[in-house]
Amino acid sequence: MQKSAPRRDVSGDITSTNTVPTTRRVAFIAGFSGNYNYCASGAERKMVELTVKERQQKIAKACNASDALESLSEMFSYTRDDFRVRLRAWRKAEIPQKTLKWAIKLAERNVGPFYSSCSLGWQPKIKQADLNKHWARYLIAYTEDGGDPVAYCMFRFDMDHGRSVLYCYEAQLEESARRKGLGSHMMRILECAAAQWHMEKVVLTVLKNNPSGMNFFRKIGYSTDETSPGREESAPYEILSKDISA
């Protein structure tokens, strides 16, 4: 599920998903969404601009929180039959290097083949740089018995096409953690966080050659976003989103 400059890789009750680079995303976020009325009167334009400012303030507040998921700690324990995990939120500056290396390797195993078989190609140095962004936040699932990491989401709060969003860049699961509902649970936590911080959408990207990833996200309520490249653009990925503010 994702692209390649700001990358978004996701594997949930799916086999895996992937993201698109951060550099590519710049082209998508340059400017406001179609809701911005450049022909509005002065008073109307001021009101719209204030709304954008308010969105930016909400994003800044979420970004400045030491633990943006703290109030959701009741969701940080997940059990399905004999499968039990605990979850923990991390900021990039705090996450252990060993854990970060694991996250990079997991992304390579899960989505490397999808990248390699499309026009983006697998670029490990770019992926490593993406996962090391100073603004990155992580939600990681660990086994209760041994404390080994088995899944993670990487995300941030951001302005995207004039909208306040929680952007999920990665959602990767080890094979042993799939098909147990954990992917859906972790995405639900991100959606609750988006609602708590008054974001309008959760946004992510899925490679078109990853049908299992695409089916997973559509199954849990994500649909093609209005900013997703059209068919005529022949992009190897699709941008999906779920409305939170509705």
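Tutor: Helices (H or I, at least four residues) and strands (E, at least two) are DSSP runs, numbered from the N terminus. This is a predicted model, in which local features need pLDDT of at least 70, side-chain atom pairs count only at pLDDT 80 or more, and totals for chains, interfaces and linings use all residues. Residues are numbered from 1 along each chain as its sequence is written, and side-chain values use heavy atoms, with hydrogens and water left out.

Student: Where is His161 found?

Tutor: His161 sits in the loop that joins strand S5 (149–160) to strand S6 (163–173). Its phi is positive, about 55 degrees, although His161 is not a glycine.

Student: Is His161 buried or exposed?

Tutor: Buried means under 20% relative accessible area, exposed over 50%, partly exposed in between (1.4 Å probe, protein chains only). His161 has 16% relative accessibility, so it counts as buried. Arg179, in the loop between S6 and H5, has a positive phi near 60 degrees, but at 52% relative accessibility Arg179 counts as exposed.

Student: How many residues of H5 are buried?

Tutor: In an α-helix there are 3.6 residues a turn, so residues three or four places apart point the same way. In H5, 11 of the 15 residues are buried, so the helix is largely enclosed by the rest of the structure. Among them are Leu182, His185, Ile189 and Glu191. After H5 comes His198, with a positive phi near 65 degrees.

Student: In which sense do S2 and S3 pair?

Tutor: Two strands pair if DSSP finds at least two bridges between them. Strands S2 (residues 77–80) and S3 (residues 83–91) have four bridges and are antiparallel. Thr79 has Arg84 in S3 as its bridge partner.
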